[in-house]
Amino acid sequence: MTAAHRAMTQLESWPNLVSGSPRCAVGRSFGTAGCDIVHFHANDAADLYLTRTAVERLLPQLRDSTAIRVRPGASWITVLLDCDDDVALLLTLISVALKEHDAVRGPEEEYGGPRTAARTAPPCDWEPRAIPSPRAAGPVAASAHHGRVHDAWKAVGRMVPHGH
């Protein structure tokens with residue numbers, strides 16, 4: 001089972017996420033209320049709609065991780081999935097994305113009625129690509145990767161519950 005499959009298996013149990021075909025029509029997506037949150041286009045990567053605000057806020061930590069690819073000004077990031085630490089990082093960042101989307105919708109009590117519709121994600125910028133794994137460089141790259149993953153986890157905080 002690939003890291004992407006392990007991530008998808010875990011996401012299937014999250015009550016606020018539904019699985020389906022992504023708007024780009026390649027692979028599988030998970031999202032909420034008509035908004036794609038994460039796309040799995042290949043077995044070794046996932047594209048995540050983190051929102052431009054969250055990407056800008058977390059950019060220093062995201063750039064420190066060898067498992068993350070960020071394009072300037074993008075609201076989508078790519079998480080390379082090579083090991084269980086990468087899956088855990090992806091799941092943590094999906095929690096952050098869900099929190100961001102919840103903030104856009106606002107709490108029900110604040111509006112005195114049902115939540116407004118979630119923001120529609122801009123199209124992902126997926127294209128077939130060959131992204132070499134930093135772990136291919138040898139054991140030094142792998143050990144540096146794990147320290148950076150820990151720093152990224154500290155930056156995004158603890159995982160939020162998904163039943164909200």
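In strand E4, Leu 48 is the bridge partner of Val 38. The model is predicted: local features require pLDDT of at least 70 and side-chain atom pairs count only at pLDDT 80 or more, while totals for chains, interfaces and linings use all residues. Residues are numbered from 1 along each chain as its sequence is written, and side-chain values use heavy atoms, with hydrogens and water left out. Helices (H or I, at least four residues) and strands (E, at least two) are DSSP runs, numbered from the N terminus, and two strands pair if DSSP finds at least two bridges between them.

Strand E3 covers residues 35–42 and pairs with E4 in the antiparallel sense over three bridges. The two strands form a hairpin, with two residues between them. E4 itself comprises residues 45–49, and five of its five residues are buried; buried means under 20% relative accessible area, exposed over 50% and partly exposed in between, with a 1.4 Å probe and protein chains only. In a regular strand the side chains alternate between the two faces of the sheet. In E4, Ala 45, Asp 47 and Tyr 49 point one way, Ala 46 and Leu 48 point the other way, and all are buried. E4 also pairs with strand E6 (residues 76–80), again in the antiparallel sense, over five bridges. Here Tyr 49 has Trp 76 of E6 as its bridge partner.

These pairings belong to a wider arrangement. Six strands form an open sheet in the order E1-E2-E3-E4-E6-E5, with antiparallel pairing. At the edges are strand E1 (18–20) and strand E5 (68–70), each of which pairs on one side only. From one strand to the next, the twist averages 25°; axes are lines fitted to C-alpha atoms, for helices over the stretch in contact, and angles run from 0 to 180 degrees between N-to-C directions.

What lies on the E2 side of E3? Strand E2 (residues 28–32) pairs with E3 in the antiparallel sense over five bridges. Arg 28 stands opposite Phe 40 in E3, and Ser 29 stands opposite His 39 in E3. E2 and E3 form a hairpin with two residues between them, and Ala 33 in the turn has a positive phi of about 40°. Four of the five residues of E2 are buried. E2 is also joined to E1 by three bridges, and these two strands run antiparallel; across this pairing, Gly 20 stands opposite Ser 29 in E2.

A search of the whole structure finds two aromatic pairs. Rings of Phe, Tyr and Trp (its six-membered ring) pair if their centres lie within 6.5 Å; planes under 30 degrees apart count as stacked, over 60 as edge-to-face and the rest as tilted. One of the pairs is formed by Phe 30 and Phe 40 and is edge-to-face, with 6.1 Å centre to centre and 85° between the planes. Phe 30 belongs to strand E2 and Phe 40 to strand E3, ten residues apart. Both Phe 30 and Phe 40 are buried.

Ser 21 is placed in the loop between E1 and E2. Why does Ser 21 count as exposed? Ser 21 counts as exposed because its relative accessibility is 62%. When residues up to four places away in sequence are not counted, Ser 21 touches Gly 27 and Ser 29, where contact means heavy atoms within 4.5 Å. The C-alpha atoms of Ser 21 and His 39 are separated by 8.7 Å, although these residues are 18 residues apart along the chain.

Helix H1 (residues 3–11) has Ala 3, Ala 4, Ala 7, Met 8 and Leu 11 buried. These residues lie on the same side of H1 because they cover an arc of only 135° around the axis, the arc being that of the directions from the helix axis to the C-beta atoms. H1 lies across E2 and E3 and runs at about 150° to E3. Helix H2 (residues 52–64) packs on the sheet and touches E5 and E6, its direction making about 130° with that of E5.

For the protein as a whole, there are five helices and six strands. From the N terminus on, the elements run α-β-β-β-β-α-β-β-α-α-α. Of the 164 residues, 45% count as buried. Among contacts between residues at least 6 apart in sequence, 61% join residues at least 24 apart.
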